[in-house]
Amino acid sequence: MAATRVLLLLSGRPESVSFVQSVCGLLGAGSGPGPWPMYCSLKRGQLVLSDRPFPSASARLPLQRPAFCPFAAFNQQPKAPGAPLPADRGVDLGVAIILQSSDRTVLLTRRTRTLSIYPNLWVPPGGHVELHEESAYPPRLSWGFPKYHHIVLYLLVISQESQQQLQARIQPNPSEVSAFMWLGPDVAAAVAATEDGTEIPRLPPEDLPPSVLAVELEEDGRARPSVLPMSTLLRTTPPIAEDKERVSTGTKFALGLWLQHLGSVTPLSCESGAYMDPDQQRKNRTWTLFPQTRGLGNEVHNPFPSPPP
């Protein structure tokens, strides 16, 4: 049995979560996608979640899942006999970094085509607490029964270095990352506004560029400039399995939270994340604004050979 990485407090009692259970459902969330504010803490390598305050809770953070969450579907219909679902695992834990440069852009990386889990998907740099991130793969029940089930914590790290300075030091692993790009607020807002799970996304503002600049990585690690069509960034999760290039649902959610931070002129409420005083921020090279929990539809990824900064 794998180590329990996600623990719930239900009526004050700690409960582990089995693989097929919806974390949002167990915490009393409604049938929609959310987000729902939950209390959380990290304790001895475990993420503890509750819909009520508890002594070690550090923040009240949003938990969200897409409308097509396969584990929500399991709650609404009986599991088919003999379904090939893992019997020896619960819900695992992953971390993704929203890295903001001093000139207010954030870094996204594209997973390679050769990866067995979520190939060709644009995600933040990140990794996992164990080998295996609430996130599911496949992301839809119509793709097949899920093989992975995770909660993904999104951490905002604000750097005092510019995009150009950070890019000069980035060393992505070409066996896992095929490209990377930096998004500014305008493009990030258009990406975050796409309603995943629908056939047609909202139309972006007319002043958006038709494409964005990216950096493609060759197999030997050499980089070359590239152009990515805006339409690629606005794609949503298809109802059937395919590896078309797109931005993950969790990434869209995290970009929306990042934009909330940029637009705030006062400390963020506890529902948006843990806030650090600006005076303290000046004393540090980087600081964490929030861990954000995200619902189903993310991916297991580890684009860098060493932990992110």
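In the predicted model, E216 counts as buried at 14% relative accessibility, where buried denotes under 20% relative accessible area, exposed over 50% and partly exposed in between (1.4 Å probe, protein chains only). E216 belongs to strand β13 (residues 211–217); helices (H or I, at least four residues) and strands (E, at least two) are DSSP runs, numbered from the N terminus. The C-alpha atoms of E216 and S226, ten residues apart along the chain, are separated by 6.1 Å. S226 is also among the residues that E216 touches, together with R110, S178, A179, R222, A223 and R224, when residues up to four places away in sequence are not counted; contact requires heavy atoms within 4.5 Å. Residues are numbered from 1 along each chain as its sequence is written, and side-chain values use heavy atoms, with hydrogens and water left out.

Leaving aside neighbours within four places in sequence, Q100 is in contact with T105, V106, L156, V157, I158, S159, W258, H261 and L262.

W258 and L262 also take part in helix packing, as residues of α6 that, with K252, L255, G256 and L259, meet P185, A188, A189, V191 and A192 in α4. Helix α4 (residues 185–193) and helix α6 (residues 249–263) pack at an angle of about 135°, with their axes 8 Å apart. Axes are lines fitted to C-alpha atoms, for helices over the stretch in contact, and angles run from 0 to 180 degrees between N-to-C directions. The arrangement of α4 and α6 is therefore oblique, the class left after roughly parallel (under 35 degrees), roughly antiparallel (over 145) and roughly perpendicular (65 to 115).

Aromatic pairs comprise rings of Phe, Tyr and Trp (its six-membered ring) with centres within 6.5 Å, the planes being stacked under 30 degrees apart, edge-to-face over 60 and tilted otherwise. By this rule the count is two. F19 and F71 form an edge-to-face pair, at 5.6 Å centre to centre and 80° between the planes. This pair links distant parts of the chain, 52 residues apart: F19 in the loop between β2 (13–16) and α1 (23–26), and F71 in helix α2 (residues 70–76). Both F19 and F71 are buried. Y118 and Y137 are likewise paired edge-to-face, at 4.6 Å and 75°, and both are buried.

Methods: Predicted model: local features only at pLDDT ≥ 70, side-chain atom pairs only at ≥ 80, totals over all residues.
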